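Please look over the structure below.

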Amino acid sequence: MCWFLFVIGLVLAIAGAFAYSYKEYIIINNWEFDGEPLGACLLAIGGVLAAIMLFAEGISWMCGI
């Protein structure tokens, strides 16, 4: 389960990096999102999730679980 959440966080971080570099508005249906704040939030959330899950996987590997 930790690897699955790690991959989800990594995908969010990569998507956030692309959204941050896209300087225009992102339009989904009738919703408009500014690329920089959306990308920064996705990058932060995804990076923190990936880091926590990698740390948790390391602890479970050291404990032999």
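What follows is a short report on a predicted model.

## Helix packing

Helices α1 and α2 pack against each other at an angle of about 155°, and their axes lie 7 Å apart. Angles over 145 degrees count as roughly antiparallel, so α1 is roughly antiparallel to α2. The crossing of the two helices, α1 and α2, is left-handed.

By class, 19 nonpolar residues take part in the contact of α1 with α2. Six polar and two charged residues are also part of this α1 and α2 contact.

## Glutamate 57

Glutamate 57 sits in helix α2, which covers residues 35-63. Its relative accessible area is 18%. Buried means under 20%, so glutamate 57 is buried.

Which residues does glutamate 57 contact, leaving aside its neighbours within four places in sequence? They are Cys2 and Trp3.

## Aromatic pairs

A search of the whole structure gives two aromatic pairs. Tryptophan 3 and phenylalanine 6 form an edge-to-face pair. Their ring centres are 5.8 Å apart, with 85° between the planes. Planes over 60 degrees apart count as edge-to-face. Both residues belong to helix α1 (residues 2-21). They are three residues apart there, so about one helical turn separates tryptophan 3 from phenylalanine 6. Tryptophan 3 is partly exposed, at 47% relative accessible area. Phenylalanine 6 counts as buried, at 17%.

Tryptophan 31 and phenylalanine 33 form a stacked pair. Here the centre to centre distance is 6.5 Å, and the angle between the planes is 10°. Planes under 30 degrees apart count as stacked. Tryptophan 31 has a relative accessible area of 60%. Exposed means over 50%, so tryptophan 31 is exposed. Phenylalanine 33 is partly exposed, with a value of 30%.

## Phenylalanine 33 in its strand

Where is phenylalanine 33 placed? Phenylalanine 33 lies in strand β2. Leaving aside its neighbours within four places in sequence, phenylalanine 33 is in contact with Glu24, Tyr25, Ile26, Ile28 and Leu38.

Phenylalanine 33 and glycine 47 are 14 residues apart along the chain. Their C-alpha atoms are separated by 20 Å.

## Asparagine 29 in the loop

Asparagine 29 is found in the loop between β1 (25-28) and β2 (31-34). Most residues other than glycine have a negative phi. Asparagine 29 is not a glycine, yet its phi is positive, at about 55°.

Is asparagine 29 buried or exposed? Asparagine 29 has a relative accessible area of 72%. The cut-off for exposed is over 50%, so asparagine 29 is exposed.

## Proline 37

Proline 37 is part of helix α2. Its relative accessible area is 44%. Buried is under 20% and exposed is over 50%, so proline 37 falls in between, as partly exposed.

Proline 37 and cysteine 2 are 35 residues apart along the chain. A distance of 27 Å separates their C-alpha atoms.

Note on methods: Residues are numbered from 1 along each chain as its sequence is written. This is a predicted model: local features need pLDDT of at least 70, side-chain atom pairs count only at pLDDT 80 or more; totals for chains, interfaces and linings use all residues. Side-chain values use heavy atoms; hydrogens and water are left out. Helices (H or I, at least four residues) and strands (E, at least two) are DSSP runs, numbered from the N terminus. Buried means under 20% relative accessible area, exposed over 50%, partly exposed in between (1.4 Å probe, protein chains only). Contact means heavy atoms within 4.5 Å. Rings of Phe, Tyr and Trp (its six-membered ring) pair if their centres lie within 6.5 Å; planes under 30 degrees apart count as stacked, over 60 as edge-to-face and the rest as tilted. Axes are lines fitted to C-alpha atoms, for helices over the stretch in contact, and angles run from 0 to 180 degrees between N-to-C directions. Angles under 35 degrees count as roughly parallel, over 145 as roughly antiparallel, 65 to 115 as roughly perpendicular and the rest as oblique. A crossing is left-handed if the near helix is turned anticlockwise from the far one by less than a right angle, and right-handed if clockwise. Ala, Val, Leu, Ile, Met, Phe, Trp, Tyr, Cys and Pro count as nonpolar, Asp, Glu, Lys and Arg as charged, and the others, Gly among them, as polar.
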